[in-house]
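Okay, thanks for coming, everyone. Let me put the model up on the screen and then walk you through a few spots in it.

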There are 2 protein chains.
Amino acid sequence: MKRDSFGSAALVLDRLLRELGRVSDEKGSLTRTFLSPAMRRANRMVGGWMRETGLSVREDALGNLIGRLEAPRPGARTLVLGSHLDTVRDAGRFDGALGVLLPIVALRHLRREGVRLPFALEVVGFSEEEGVRFPSAYLGSRGYSGRIRSADLALRDENGITVGQCLRRWIDPRGRRAWKRPARAHSPRELLGYVEVHIEQGPVLEKRGISCGVVSAIAGQTRARVIFLGRAGHAGTTPMALRRDALAGGAEFVLAAESLARKRPPLVATVGRLEARPGAGNVIAGGAELSLDLRHPADGSRLEALRTLRSAARQIARRRRLGVSFQVTQDNPSVACSPGLTALLSRSVKARQGRSMSLPSGAGHDGVVLSSLAPIAMLFVRCRAGASHCPSEHVKIGDLAAALDIVDDFLRRLARDLHG
Amino acid sequence: MKRDSFGSAALVLDRLLRELGRVSDEKGSLTRTFLSPAMRRANRMVGGWMRETGLSVREDALGNLIGRLEAPRPGARTLVLGSHLDTVRDAGRFDGALGVLLPIVALRHLRREGVRLPFALEVVGFSEEEGVRFPSAYLGSRGYSGRIRSADLALRDENGITVGQCLRRWIDPRGRRAWKRPARAHSPRELLGYVEVHIEQGPVLEKRGISCGVVSAIAGQTRARVIFLGRAGHAGTTPMALRRDALAGGAEFVLAAESLARKRPPLVATVGRLEARPGAGNVIAGGAELSLDLRHPADGSRLEALRTLRSAARQIARRRRLGVSFQVTQDNPSVACSPGLTALLSRSVKARQGRSMSLPSGAGHDGVVLSSLAPIAMLFVRCRAGASHCPSEHVKIGDLAAALDIVDDFLRRLARDLHG
């Protein structure tokens, strides 16, 4: 396989990404949320590209766009490739879209070369992953996996519209067709696996100077709210020794979290929000509320870090005569990528890129949900400065080519494995 | 002098403080700002109490309420006693009001005892000290001292009304009387001094277990805005080693300021405001803006602390690869109380309270402005838990009695000094 051929495929992919990137609910920036008017246009556009590629296209009850290529032999299992078509507000054009459009372009290339795969293939554009419109994420992949609950349908957006209403209007604006909660799209034994291509959204590949890496696991995540309570006081008249400064306690906690994570890679610990109360320059803070975000690919390590920081918060509070509350608001276990499928993907990376690297994903992805249904593997693609969720999100043409090259090899390799 | 007599005077003073504390621009809480409707009612109420005490009452061009008792002998100098009648929002009833009402009650007591003072006496309720309505403080005492500039008159409140308009409406709502910028009320040689009684607004007297203390100096104050700039990033996908976390830099600065001030009493350093940007739990902060408030009775020590913290901010930024901006927004030198008048006041404190203590004032007071016109002395009165600028501000009846007792002694002592 010549790299040149993927150069021109990469230019095609880049063009499709740009076209899709213009499909937005807002003028001048890219925002495409669950079942919005832009989402309908996006599904129509991407569905068209799927059809041109020879896929048969349908939309499921959650608005997921599914393009299917049947296997030559009936009863063959299905490989699912995909990612999400919704975006955050003021998004970049790669997050999600890359994992839907890249498989389409890779498939075009394979078909043009006359390669026939011995398995069925589905390319899925999930309708919702970012959790922007409703206070819930992964609605698309959960629908595809048969994991939508009644509580999900009752969630409301900022206009008071529920997920259920939204879905009924999606299938028929006049409300004549009944909407039915979907069962999972496939039983696990029908599936070969789920493979997701996604931008890294971090700086590791760039730092290592390589285009693509293989994801080892999607990190577990704990989010907590930490509140220190002291005593507000006059900044001029309260001697240092008599203060109970909640912000100073909060500052110590910020540094304790940072210092712990520095000592224990790949643990990451982030305090991104710190609010001092009353928050006036001439008043000693009586209260400080902090966010804590902890992630690690190994759940044990994450939970140990949580215990350490909870105890650090208590020690800080005791030493400073502060009150403290430490409340875990979210706790998601990590999801390991499947060893078999991931090893196969790594071989493709090594074969086409020369060397491979394995890295954990600190962000969540549709693969988290799909792992309940099928073996999963993920390919990360380098993005400029690790920037994501912003208009400056960027992937070089050369890296698009490298990723196409790898996915091409992976599909051929998987085909050979099944034949052999 | 029997303490009992001041017990009943203290009850009177407490009643007047309560009555005045109900004169508010807001229902259910005490807020009385410069030249507001409540301020007009307050001046009328306090003016009435001044007249009952035998003072002749006038209002000057800044809305200051001035009650004057002439000396028996023409040409005698004037002692000014006073504080401010405006309040912060949701204030306590002692801050300011105590220094206006206590001299009135003390004077009633002296007159009832038949004591005639050989000097003239003015009790002044300054119309503005807190800087709430307009972005400026000390308008009242600056007017009294002849230090109002054109720029002050052009300042606007949140409704767009200027100080000048406000003053013209104050003297005549129909705008027929011309308003004239006032010269100082007295030339320095007409004045014996200015004495202000004020709650401490801090916990030092309570900690020492005494009712009153004498102020040595009003601390100088530097306020600065410190901004750290790093790079925002994904909390899950950016390894610790590659972060440029502005909030972590800000946290280090909070602790550097605290640690420096702890080592160098009576320096106080406060970061009361810390804003992380964008301020989301799952985003590494790309920016952090902090307030810094530094106070010390000795200007040299304050400025040395400022240099030290400026350099600490630079070091933190360099080590963390952050940008930093350090901008001084306010810089007021300290004001020493007058040695002569303060020594006299200290003798009264020792005589009536048994022991005295000298303490700096971390907060600014009208005395700062009056020091340009006359020797000043200040008496601090213990307040519960050091709380001020809040409804829980409280002074015990016994401490009101102690302060009345001391001021009574001070006036007699000053009279003897002048006779002797």
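So, T222(B): buried or exposed? T222(B) is buried, at a relative accessible area of 1%. By buried I mean under 20% relative accessible area, with exposed being over 50% and partly exposed in between, using a 1.4 Å probe and protein chains only. You'll find T222(B) in strand 7 of chain B, residues 220–229. Helices here are DSSP runs of H or I with at least four residues, strands are runs of E with at least two, and both are numbered from the N terminus.

Quick housekeeping before I go on. This is a predicted model, where local features need pLDDT of at least 70 and side-chain atom pairs count only at pLDDT 80 or more, while totals for chains, interfaces and linings use all residues. Residues are numbered from 1 along each chain as its sequence is written, chains are lettered from A and ligands numbered from 1 in the order in which they are written, and side-chain values use heavy atoms, with hydrogens and water left out.

Back to that threonine. Which side chains does the side chain of T222(B) reach in polar contacts? One is the side chain of R302(B), at 2.8 Å, and another is the side chain of D331(B), at 2.7 Å. A polar contact is a pair of N or O atoms within 3.5 Å; within protein, one has to be able to donate a hydrogen and the other to accept it, and residues adjacent in sequence count only if both atoms are side-chain atoms. If we skip residues up to four places away in sequence, T222(B) touches L292(B), D293(B), L294(B), R302(B), L306(B), V328(B), Q330(B) and D331(B). Contact, by the way, is heavy atoms within 4.5 Å.

Another buried one is D399(B), at a relative accessible area of 3%. D399(B) sits in helix 12 of chain B, residues 397–419. Leaving aside neighbours within four places in sequence, D399(B) is in contact with S211(B), V381(B) and R382(B).

Now, salt bridges. Side chains of opposite charge can pair when their charged atoms come close. The rule I used is a side-chain nitrogen of Lys or Arg within 4 Å of a carboxyl oxygen of Asp or Glu. How many of those does the structure hold over all chains? The count is 55.

Let me pick out a few. R93(B) and D14(B) pair up at 3.8 Å, N to O. R93(B) is in the loop between strand 3 (78–84) and helix 3 (97–112) of chain B, and D14(B) is in helix 1 (residues 3–21) of chain B, so this pair ties together parts that are 79 residues apart in sequence. Both R93(B) and D14(B) are buried.

Then there's E289(B), which is buried at 11% relative accessibility. E289(B) bridges to R277(B), with the closest N and O atoms 2.4 Å apart. E289(B) is in strand 12 of chain B and R277(B) is in strand 10 of chain B, so the two parts they tie together are 12 residues apart in sequence. R277(B) is partly exposed, at 33% relative accessible area. E289(B) also forms a salt bridge with R273(B), at 3.3 Å between the closest N and O atoms. R273(B) lies in the loop between strand 9 (268–270) and strand 10 (274–277) of chain B, 16 residues from E289(B). R273(B) is partly exposed too, at 25%.

Okay, the interface. 47 residues of chain A are in contact with 47 residues of chain B. The size of an interface is often given as the accessible area lost when the parts come together. Here the buried area (accessible area lost on putting the two parts together, 1.4 Å probe, summed over both) is about 4000 Å², and carbon and sulfur atoms give 63% of that. Across this interface the rule finds 2 salt bridges. One pairs E258(A) with R320(B), with the closest N and O atoms 2.6 Å apart. There are also 8 residue pairs in polar contact between chain A and chain B, both residues at pLDDT 80 or more.

Which element of chain A gives the largest share of the side that touches chain B? That's helix 8 of chain A, with 9 residues.

Chain A superposes on chain B by a rotation of 180° with 0.2 Å of shift along its axis, RMSD 0.3 Å. The two copies are therefore related as by a two-fold rotation axis. The superposition is by least squares on the C-alpha atoms of residues with pLDDT of at least 70 in both copies. In chain A, the C-alpha nearest the axis belongs to A251(A), 2.2 Å from it. And 100% of the interface residues of chain A are also interface residues in chain B, so the copies meet through the same surface.
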